[in-house]
Structure formats: structure tokens, C-alpha cells
Amino acid sequence: MTVQHDTAATPAYPSLRDRDDRLTGAEMVAHLVPPRQFLAASLDNYRPDRDFPSQGAAVAAIRNFITGPGVKSGGFFSRRKAEPDAKPGIYLDGGFGVGKTHLLASLWHLAKGRKYFGTFIEYTALVGALGYADTVKALKGASVICIDEFELDDPGDTRIMTRLLGELVATGTRIAATSNTPPNALGEGRFAAQDFLREIDALSGQFLTLRVDGVDYRHRQNSGHAISVGDDEFETTLRSLSGGFTVDSFDDVLGLLSQVHPSRYVKLVEGLQQIALRDVHPFAGQTDALRFVAFVDRLYDAQVRIVATGTPLDQVFPDEMLAGGYRKKYLRAMSRLTALTAGAPE
């Protein structure tokens, strides 16, 4: 049951709905840098878990990749067989919370020249904003393109990214990516991947794929579940907030996310330190759930803390969603929501 609030007695707090989400193409390109929590990431301050040797092996492989020889192959669709050390891409596959984004950001910092770092959705959105030809023009000449959260959730994105990366690689750009799914399994369980094997195989064949095993470090740091507070504590917390924060009902936020392209979520949360959500409840539909996952990713990148009432945020994804093709996305979001609410004032 939704709790009714006396709006006449409720102070007028800033809302996400009042924030400017507009981004020009130039601003989108300018945003292609690591999230602020990884601005100081390096291979030296990455702490491999000794129980999982693959983490240390990934550090060594990245050092070799960034200092190794340039691309010798003719692009994604070249018939010439590339030497093992000439592959233009490196791909970190593994579970969430094992430090893949830290490693990817470290690679970006080590790279020389013009370079870009963004999520998969930010690159596809850039194509939508600029057009394909202008996107190629904007990114062409980069020494490395880093793609975090590489996910192929629809065939259109598959073809766009394969073509885009192919053109960039053919001109000497190197590609580094992370995902929870090996490149030859991208799209599996989400669309008819067998219909796009040529594109998927073309992608996977150009990457040196490294499996990074480990335990979710957020669970090591924040045991338990996402924190939900009562109405009284929520109101007390609101009165103590300062700086950048917003206050909204959960349903209002979901409504807003349905009207804003996920690539603009980064602008919605820019400059915020905390958001407050009233009356959180489980998802009834997968579309809202996936939009919220994308929003959580941006909150986590910007380290925006959350205080919320209602259902604990790590319990908003029903069992049937957790059993489906987007399971890994939902589990990653649950891990991040636990970490973000753990930092909220108590």
C-alpha cells in the first residue's frame, strides 16, 4: 500500500524532475572519461585477491597490452590471421565486484594520446546523437577506446558497435572492454544471438579474453542488505541534508527514467551527493527494472548515496526476474545498491 504524504506539511525539496538532463554531442564526448571514483585508479593501487590468481594475471596482461606492439591485423573482418600478440582488443570477463572497472580505468590512465572511456550504452547513444559518420569522425585517431559493461541486448546495437569498432580498429585504435559475459556469449538469453553469429564472432575473435575471478568486494566491505529506513528517520535525515541532493517518490523516479534516455542519466546525477526515495516497492515490469539498473550504475559511478523508505532496494527484483536472461545485471545492481545505502546517514 502506498503511503500518502501531506504535501502541504512537506517542505519543498529539490527533485530529480527539476534537473536538466540535456546533453549535446560534444558534451557526450567530453563525458567519455572514467567515473570520478576511478580518476586515481592505477594498477599499483589495485589490490589483487591472492585467493584468485586470475586477478594478478589480469594486471600483468594489461601492462603487456598497453606497452605491447600495435595492431598488425586489418580490422575486425580481415581474412588475414592476426598473431596472438597483435590482437587489437583485450576483454575482461568476470563477475561483478572483482575490480574489472578499476582495471579498465587503470589501462585508460596508462594509455598515451587521445583516449575515451565509457559504458557500452554511452557509445551507442553517441551514435544516436551525432549520427554514425560523425561518431567515427569524433573517435577516429584515439589510441584506445575503453568500453565498460559491454552488453549486447538487441541486434541493432550489435551491428552498430561491431561496425564502429571495426572502423576504428582498422585505423589503429585499440579496444579494451569489460563485461559479465564472455564475448562469444554476448546477447545470450536476451535476443536471438544465433542470428548474429557473424557479428558476435567478429567481435570475440579480435579480443584477448581474460577471465577475472573473485568475490564481490562490495560484499566484503558491506555485509548484509540494502538499508531501508522508517518514515520518521527518513524525515529526520532530510532535514540534515545539505549540498546536492534530491527527494522523490520511487514511482516518480521510474516515471522520469521512462522519459529520459539512459545515456542522459549521467547528467541527471551530476553534482549530487545523495538522493532520497520514498515508498520503494518491487518491480512489476522488466522495462522499469532495466532502466533502474542503468540509473543505479550512474549513481554508483558518481558515488551518490541513497536513503530510502519501503522495500529494501536489494529486494526490488522479483525471483522471476532474477531467474531470467538479465540475472547478472540485477545482481550487479543489488550489490551496488547495498553499497550505496550502506553509506547513507543512519
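Here is a short tour of a predicted model, going from its sheet to its aromatic rings.

**Stop 1: the sheet.** Select the five strands that make up an open, parallel sheet, and follow them in the order β2-β3-β4-β1-β5. Which strands stand at the edges? They're β2 (115-119) and β5 (207-212): each has a single partner strand, so one side of each is left without a neighbour in the sheet. On average, neighbouring strands are turned by 15° against each other, direction ignored.

Now pick out β1 (residues 89-94) and β4 (residues 174-179), which pair in the parallel sense over five bridges. Show L92 too, and you'll find T178 of β4 opposite.

Stop 2: Helix α4 covers residues 120-130, and its buried residues include F120, Y123 and L126. Just past α4, click on G131 to see a positive phi of about 95°.

Stop 3: Select F250 in helix α10 and F292 in helix α12, 42 residues apart in the chain. Their ring centres are 5.4 Å apart and their planes are at 80°, so this pair is edge-to-face. Both F250 and F292 are buried.

**Last stop: charge over ring.** Zoom in on R163, whose charged end sits over the ring of Y132, 3.8 Å from its centre.

Definitions and conventions. Residues are numbered from 1 along each chain as its sequence is written. This is a predicted model: local features need pLDDT of at least 70, side-chain atom pairs count only at pLDDT 80 or more; totals for chains, interfaces and linings use all residues. Side-chain values use heavy atoms; hydrogens and water are left out. Buried means under 20% relative accessible area, exposed over 50%, partly exposed in between (1.4 Å probe, protein chains only). Helices (H or I, at least four residues) and strands (E, at least two) are DSSP runs, numbered from the N terminus. Two strands pair if DSSP finds at least two bridges between them. Axes are lines fitted to C-alpha atoms, for helices over the stretch in contact, and angles run from 0 to 180 degrees between N-to-C directions. Rings of Phe, Tyr and Trp (its six-membered ring) pair if their centres lie within 6.5 Å; planes under 30 degrees apart count as stacked, over 60 as edge-to-face and the rest as tilted. A charge sits over a ring if NZ of Lys or CZ of Arg is within 6 Å of the ring centre and within 35 degrees of the ring normal.
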